[in-house]
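Have the sequence and the 3D view open side by side.

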Amino acid sequence: MLVAGETLLEVWMTGRQIDRYVGCYINRKSRRVQQLKKSTSIIMAAAEPKLSFFTWRYSQYFTYIKQKENNILVKCKLCLGSKILSTAQNSNSNLLKHLQRQHATTRLVAKSTGTETDSSSDATSPPPPPKQQRLDFNRGTASQDKVDKAIARYVVEDMQAISTVESPAFRRLVSLIPGATRQMGRKTFSKYLEGEYTKMESELKKTFEGLNYISTTADIWSAHNRSFMGITSHWINPTTLQRQKAALACKRIKGRHTYDVVASEIDHIHSLYGVSTKVTSTITDNGSNFVKAFAMYQPESLSDDDDDDHDDDEEVTFTDVADALNSAAEEGIVLPPHQRCASHTLNLISCNDIDKWLVSNPGTKALYRSSTAKCTALWNKTSKSTLAAEVVSEVVTKKLLVPCTTRWNSFYDAVARIVEIPMTDLSAISDRLQLKSISDRELHFLKEYCATMKPLTVALDILQGEDNCYFGTLLPTLETLMSKTLEVKDSLTVATGLPKAIVQAIKRRFASVLESSDAMLAAVTLPKFKLRWLRDQRKKEMIKGILVAECHKFVPGSSKDKEQDFFSFEDDDEHFASVETEVMSYLKTAETGMEILQQFPTIKEICLKKNAAIPSSAPVERLFSLGGLVLSPKRNRLSDQRFEKLLLMRYNHWFED
C-alpha cells in the first residue's frame, strides 16, 4: 500500500536498500565465521608441540627419551655413561653447544635425508641463507701454558720491558683471561724466557744437523758505549726450496776490534752451533779488520786453489820453529770463505768513486760543487728550522729528504726529491729562505745525475733483499746494471763520461766476482736466470761447460780411487750422457720457479750449495736495527746476556704460532 506522498519508484528503491543491507549483513557474518575458524585452526596448530629435533641434521648423535613440558630429554651417543641432556622443543642450540664443547675433535657428519627441507621446495633450489652467528664468549678456557706463551709473545715481539708483567693494569688484564690460574712475577718470567731461549737454541742446532750448506753474515755494532758482534745464518730448505734465516748471536765484545778478535768470535759462534764445516761463505762489509781476519785464517786448501797446476820444481819453503810454536794456539781457528757485501761495495762506488770522478773532471767539477752546495744549504736549513720546513710544505706539500751517511741511496733519494720540484717553486723556496737559488744549468746537471744513478740504486735495493735474493742474483744484476747504465749515455749533455766511469768502477771492485765460477754456477742454477742474462754466445757455452763439469762432481759414484780412474773405459759414457741430458733438459725448461729443481736432483744440489749465501750483509744490519729498539735509552741497564736472548727471540719470531 502506498503511503501518502510516496511514489512507486520510492517504494521500489526502499526495498532495494533493505535487500542490500540484509545481504551485506549476511556476508559480514559469513566472513566473521570464516575468520573465527581460521584463528581456531592456528591456535590449535600452535598448541600442538612441534619437535624440531627429529628434523635436525645432527640428531643421529642423540637418542630421544621423552617430552617434558616445553622441553625434550635426549641422551648423547658420543658421551660415556648415561648423561641426559635437555633442549627446547623448537630449538637444538643446547645440543649443538654440547657437540662443540665436549666433542670438538669429532668430525660431525650431517644427515643426508631430505626431512629438513620443505616439501614445496625443489631439490635443486639453493639452501636457505645461514643465520647470523652469535658471539659466544664462553667457548672455553685457555691452558696456562698458552697464557704464558701469549704473554711472552707480547713482551718479546713488541719489545716491552720485562717488568710489564708486574704492572697492576697488565695483571688486571691477564686476570680476565679464562684459564689464567697464576701470574708470573718479573723473576719467574725471566726464568721462563731463559727456558724458552734454551729450547730455541736446541731447535736451531737440530735444524742445522739436517742441513749441508749454510751461509752467515757478520758485523760489529756499537751502542750505549758497548760493542756487539752480530751473526745471522741463511740457507735454502731442501724440501720446500724456500729461503730461511735465523740469528745466531749478538754477543758483547770488549777491547779493540782487531782481526784476531773478530776471527776468534766468528769461529766460536760457528762451533757453538756445529756449522763450522757447513758454512759455504760468510758475508761481511769491506772493513779492514774483517778482510784481514778471513785472509789470515783461511784453510790451506782454500788459500791455494791451483795446487794441481804447480810446477814440479817449486821451491821448498822453510818455517821457523819459534813462529810455529807461537801460533800453535791459533791453529784451531779456521774461517770459511769470505764474501764482501755487494750492497756496501755499490755504495762505495756511488759515494766515493763517482764523487772523485765528478770532482776530477773539468766539465762537471764546478757544476757538481755548486749544485751540491746549494742542496746542502737547503737540507740544513729545513732540517734545523721548523719555520723553513713549513715554508717548503706550503710551496710543494712535500718534505725534503736529508742524506744520511749510514743509509744507502740516501743521497740519491734526497737529490731526486729536489729534482721533482718545478724550477719556479725551487726559486720561491730559496727566496723565502734567503738562500741562493739553483740555476737552470745546475738543475739540468742534477737531473742527468739522477738519470745516470737510477740503475745503480735499483740494483742496490735488489741485492739487499733476503727472502727471494740469492748469491746467484749478483752476476745477472751486475751485468744488467752495466748495460742499462751505458744506455743512458746518449741522452746526456753535461755528464757524458759518468756512465763509463760507473762501469769501470764496477769492473774494478767486482773483478773477482765477475770471473768467479761459483758466481756463474749460482746464477745458472737459479731457474729465473739460467743463461738468459748473458748476451755473448761464447760465454753461454763456457758457463754451460762449467755446469756440466760441476754436475759430474755431484753425481754418485763420480769419485773414484786412482786404480778405478786409471781403468775407466766405455762405462763412463753413460754417466757423461746422463749428466749432459739433465743439464740440457734443465736449460730448455721455461719454468722460472724454484719448484722445477725437484725434477733435476743434481742441479738442485748445486743450487743448494752455491745459493745458500746472499749477496749482501743487510740482514745483520737489520738485526742491529732491532737491537736499537730493544736496547733503548730507557733499557740501557739490560745485561749483555739478557739483551742478546731477547733480541734473538725477537728476530727469529720464536713465539709466533
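The sections below start with the whole chain and move to individual sites.

## Basis of the model

This is a predicted model: local features need pLDDT of at least 70, side-chain atom pairs count only at pLDDT 80 or more, and totals for chains, interfaces and linings use all residues. Residues are numbered from 1 along each chain as its sequence is written, and side-chain values use heavy atoms, with hydrogens and water left out.

## The whole chain

The protein chain has 25 helices and eight strands. Both come from DSSP runs, numbered from the N terminus: helices are H or I with at least four residues, strands are E with at least two. The chain has 657 residues, and 40% of them count as buried. Buried means under 20% relative accessible area, exposed means over 50%, and partly exposed lies in between (1.4 Å probe, protein chains only).

Residues 24 or more positions apart account for 69% of them. Contact means heavy atoms within 4.5 Å.

## Helix α10 against helix α17

Two packed helices are described by the angle between their axes and the distance between the axes. Helix α10 spans residues 342–360 and helix α17 spans residues 498–509. Their axes come within 10 Å and cross at roughly 135°. That makes α10 oblique to α17. Axes here are lines fitted to C-alpha atoms, for helices over the stretch in contact, and angles run from 0 to 180 degrees between N-to-C directions. Angles under 35 degrees count as roughly parallel, over 145 as roughly antiparallel, 65 to 115 as roughly perpendicular, and the rest as oblique.

The crossing of α10 past α17 is right-handed. A crossing is right-handed if the near helix is turned clockwise from the far one by less than a right angle, and left-handed if anticlockwise. On the α10 side, the contact uses Thr345, Leu348, Ile349, Asp353, Ile354, Trp357 and Leu358. They meet Leu498, Ala501, Ile502, Ala505, Ile506, Arg508 and Arg509 in α17. The contact residues divide into ten nonpolar, one polar and three charged. Ala, Val, Leu, Ile, Met, Phe, Trp, Tyr, Cys and Pro count as nonpolar, Asp, Glu, Lys and Arg as charged, and the others, Gly among them, as polar.

Asp353 sits in helix α10. Asp353 counts as buried, because its relative accessibility is 14%. Leaving out residues up to four places away in sequence, Asp353 touches Leu348, Ala505, Arg508 and Arg509.

## Helix α15 against helix α17

The axes of α15 and α17 also come within 10 Å, and cross at roughly 25°. That makes α15 roughly parallel to α17. Tyr449, Thr452, Met453 and Leu456 of α15 make the contact with Leu498, Pro499 and Ile502 of α17. These residues divide into six nonpolar, one polar and no charged. The crossing of α15 past α17 is right-handed.

Phe445 is found in helix α15. Phe445 is buried, because its relative accessible area is 1%. Setting aside neighbours within four places in sequence, Phe445 contacts Leu358, Thr364, Leu367, Tyr368, Ser371, Val494 and Ala495. Phe445 and Thr364 are 81 residues apart in sequence, yet 8.4 Å apart in space, C-alpha to C-alpha.

## Helix α13 and its cover

Which residues of helix α13 (residues 410–420) are buried? They are Ser410, Tyr412, Ala414, Val415, Ala416, Ile418 and Val419. Their cover includes α11 (362–384), α14 (423–432) and α15 (440–463).

## Cysteines

A disulfide is a covalent bond between the sulfur atoms of two cysteines. The cut-off here is a pair of cysteine sulfur atoms within 2.5 Å. A search of the whole structure finds zero disulfides. For Cys375, the nearest cysteine sulfur is that of Cys450, 9.0 Å away. Cys375 is buried, with a relative accessible area of 1%. Cys341 also counts as buried, at 0% relative accessibility.

## Two positive phi angles

Most residues other than glycine have a negative phi. Asn225 has a positive phi of about 60° although it is not a glycine. Asn225 lies in the loop between β4 (214–223) and β5 (226–236). Asn225 is exposed, with a relative accessible area of 84%.

Lys530 is not a glycine either, and has a positive phi of about 50°. Lys530 lies in the loop between α19 (517–524) and α20 (537–554). Is Lys530 buried or exposed? Lys530 is buried, because its relative accessible area is 2%.
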